[in-house]
Amino acid sequence: MAATPNRPLLEIDNLSTHYVSAQGTRVVRAVDDVSLRISAGETLGIVGESGSGKSTLALSILRVLPPAAQIVSGQMWFENEDLVRKTDTEMRHVRGKRIAMILQDPMASLNPLFTIGNQVGEPIRVHEGTRRAAAWRRACDLLKAVRIPSPETRVTQFPHEMSGGMRQRIVGAIGIACEPRLLIADEPTTSLDLTIQAQYLSLLRDLQREHGLALIFITHNLGIVAKMCDQLVVMYAGRVVESGPVSRIFNAPAHPYTKALLNSIPRMTDNRNRLTAIEGQPPDLSSLPRGCSFAARCPAAFDRCHKETPPEFNLEGGRTARCWLASVAMQSGAA
Amino acid sequence: MTVTTRRRDVLALAALGMAAGAVRPAKAAAPSGQLTVGVHITLAPTWLDPAETAGIITPFMVLYALHDAVAKPMPQGNPSPSLAESWSAGEDGLSYEFVLRKGAKFHNGEPVTADDVKFSFERYRGAAHGLLKERVAAVETPDPQRVVFKLKNPWPDFITFYTVASGAGWVVPRKYVEKVGEDGFKKAPIGAGPYKFVSFTPGIELVMEAFDGYWRKTPSVKRIVMKVIPDESTRLAALKNGEVDIAYSIRAELAEELQRTPGLTLRPTVGSAPYYMYFPEQWDPKSPWHDQRVRLATKFALDYNTINKALTLGHSHITGSVIPENFEFYEKLAPPVYDPDKARQLLAEAGHPGGFDAGFYTCDAAYANLGEAVINYLGEVGIRAKLRPLERAAFFKGYADKKYKNIIQGASGAFGNAATRLEEFVVKGGNYAYGSYPEIDELFPLQAVELDRAKRAAILTKMQHLLDDRTMYVSIWQLAFISGVGPRLAESGFGLIKGFVYTAPYEDITLKSA
Amino acid sequence: MKQFVTRRLGYSLLSLLVLSLTIFFFVRVTGDPAALLVEPGASEDDIAAIHHKFGLDKPLWAQYGLFMMSLLRGDFGQSFYYQTPVLDLYFDRLPNSLLLALVAMAFSLAVGIPTGILAAVRVGRFWDSAGKLFALLGLSLPSFFVGLVLILLFSVYLGWLPSSGSGGVLHILMPAFALGWYFAAAHMRLTRSSMLEVLGSEYVKLARLKGLPQSWVIGKHAFKNALIPVVTLAGINLVLMINVAVVVETVFAWPGVGRLLYEGISFRDFPVVQGIVIMGGTMIVVVNLLVDVVYAVIDPRIRLEK
């Protein structure tokens, strides 16, 4: 059942994914109490530093987690079904077909021993039962759709015979092969040259419009977020610390972490001589401190921050913030 | 040497020859069945050709089947007339005449003639051929049934060397060899033996079929297959399984296992190599071994029967002589006894009441098990020695180079007779003699020229007694070679020829009727 | 590609030369073959005759010179014991060894690869532990022990299989198993670790993300990649098997090259030992080259490189 304009396509409620060591002694809370929602045709950006849990979150959605990781609580509603409850066999029918994913390193994510045509055609053969020859032709069409020149030749070639940008387009082709409703892109431009990045982003946007895709864009690059995304989720230490429409957040970030992130982007108009970095290190996810996980590095932290973990507060205009300041702001009625 | 003695010898030999010749091949039933032998040693192509016979016993395993000789060791005698029905020595000892048997044939139907005998002698290039070539002046063939060997000088051991101690007396067909050439002969040998050649995969398998034209008798078993199975356990398994009917060389624990298995029989045969202890330092006045009592003490120190039981299930022959029992001119000496008290007493008398440090006991590593047992017993009477096993070739090299001290454990299976053995091991100048006694030495050249057999035997007997009196050597045993025989065999052929450890004569082997 | 192969060939020939020199001298250090061809106590004459016959009375460098010259003509000399050309003996026996090695290799791959894959896919669980046990036994049990136990069980006790020799299909089963187990273990371990590595790769992850069934993920994407190191090892192992089968061939009286080597060593048959070692070296060289070619076929990245 497709989502209606009011109902989100994907709604994640309080999802937690933990890595448990073999003996069960160490628990890494990679994703902790994460909630988000995305509607059809929307672009949601997920931003955070390395280790913030973004990739784990993405893998959790498709339930392709390494054996040590497990979803311990929460729900993921996609087209009226809870993905958390599905069996692996059921999930296989979702993966690549209803929800697809693009990985970061295209050289690594393509199998060096098989042709492009073979790899692009696979999801079509598996999900739609197409014969090999027909799938091959579909692959050609897909390469055209991602704007690869001379697709008939390319389709017989091997991954190592292509440039990085082309490989990433191919990965994109694989993603849209079965017309999914949702496409998750995990840092798709991070390993591309700057000049190629812009091309690729515009391709994604076009594909999104043509196929009516919802797009979850995971990145650490706020500049891309500004260009591509409607909604934004900021993650820190496995938790969502702020969420809401991109422009509002950029204008007035509610969470000190978001503020610091925005500040640390070097701007041409700056007169400052030094770059602003956020002091300190993210916490160890296997032993999170009491209270707010950002408190140790937060310039605005006060007593309560160190003692109690703040919940997600709902702010105006569809925004949330996991910060005691937000509660204060709410109480004082500030926007 | 008197003429009467001469003639007596000739008559005796002739009588023997006639008796042997009188054995007509009985009208036997056609050969049937197959015998499979599990052989422990790789079958070499050189064994198919008597001309190549090296100085070891193993080629004879094949020679007795495929070929025949002018005379060879047989159950009746060593040697016994075979292709020749008799022979006689000339009065001056410079010639020997052989009369060939009528009706002896090669596998291709050709008769065995004097010409073939001469040809085989001349082409012989195996062990002792240098010696034979040196001493034989000429070989004549006055008629197809007679061969005469003319010697340069009288040589009483000619018969021994020609018929027993080498392969020179084994006969191959001249016409055939000249036709197919040496290589051709190796690939398809023809001989005069009870079995003819069928096929050979070098090192793997030899197949032979009965020759019903054999002069002595038609073999009872139609086909003999010799398979090489180098690993002992596998060989025994094949015997148990019925894959082979005879398995050569099964030792120690496996021999016990063999004994316990119903349907299988243990067949020990005694080899012709006596094992002994030798004392290289006995001529050195400063050495404890110089005193005969010390050497004698070692003789009484060993519990021969227990060692025999433990290592060879009691089948070896304890012997008092370093000369093999089946050799011509062997003199039986009293076998040693176990008397440890006497040993200790002798040591005390010699001035070693608490025993002494006897240094190294050097031996061939293959027989280190015997060495271990021996030094244990020696240790108990106070003679403390350390075992030093050496790899075979290294051992013999060091032995001949006179490198060893204290005690050497040795054995020799070289062919010959008592005289040849004494020459190498006892008499001055011998390869393995570290010293000698003049009273023994002076006798040796006397027997070398003595043509009267009885007189010669007397001299050699005396030498052997002197050897024993001096305790130059302490003999231990003639080692048993243990083989296993399966249930199908009636007559296995083991032990029929004294001193020969493999099954022979092949024509006497019979299977139980199915 | 051509240049690469030519260069490799050149190095290989050089190493074969060094090998022949080494084995020539090593084998002569072991002692005098004449001593083993006559009964101890034989006359000096007989021993000297043997030395002369085999050319052992010439100075060492002369012997080596003669040896190398004949070698270049493809003549490995005459076996002392068999009195036949070494190459004849070798090629007589080689097919048997090759057959045994091929069957053993087939067994080791048929058992080793699936168990390795299974162990990797079920890592940490029952099949992984079972696989590890199988590997441990295969690598530590000596082949003669395995051989003897097999003979005892299947030949003597159960009477199902013949104990030794070559002949029919039944004859090759036990020796191939005894020879192959060690290699099955090696292949299993390599497959397992290679598979584990591949299973953690990004392209396998993407394959899963595409929604491909497990059989495709493992059987198609992981398998071929995981196999590359195993193929290399298998190629080298095949030649190794032929050379290492000495013990198995002796225990089972299998008429192969390994047994010939054993006999050659026991009898100090210099030409045979030299010949087998050099032929063995040559085979290793050839197989290495072949494996490289197979590599190029499987992995397209290699094809274009050289």
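How many residue pairs are in polar contact across the interface of chain C and chain A? The rule finds 10, both partners at pLDDT 80 or more, where a polar contact is a pair of N or O atoms within 3.5 Å, and within protein one must be able to donate a hydrogen and the other to accept it, with residues adjacent in sequence counting only if both atoms are side-chain atoms.

Quick housekeeping. This is a predicted model, so to speak of local features we need pLDDT of at least 70, side-chain atom pairs count only at pLDDT 80 or more, and totals for chains, interfaces and linings use all residues. Residues are numbered from 1 along each chain as its sequence is written, chains are lettered from A and ligands numbered from 1 in the order written, and side-chain values use heavy atoms, leaving out hydrogens and water.

Okay, who touches whom? On chain C, 22 residues are in contact (heavy atoms within 4.5 Å) with 26 residues of chain A. The area buried there is about 2400 Å², with 69% from carbon and sulfur atoms; that's accessible area, 1.4 Å probe, lost on putting the two parts together, summed over both. On the chain C side, Leu206(C), Leu209(C) and Lys210(C) lose the most, together 28% of what that side buries.

Then there are 2 salt bridges between these chains, meaning a side-chain nitrogen of Lys or Arg within 4 Å of a carboxyl oxygen of Asp or Glu. One pairs Lys220(C) with Glu122(A), 2.9 Å from N to O.
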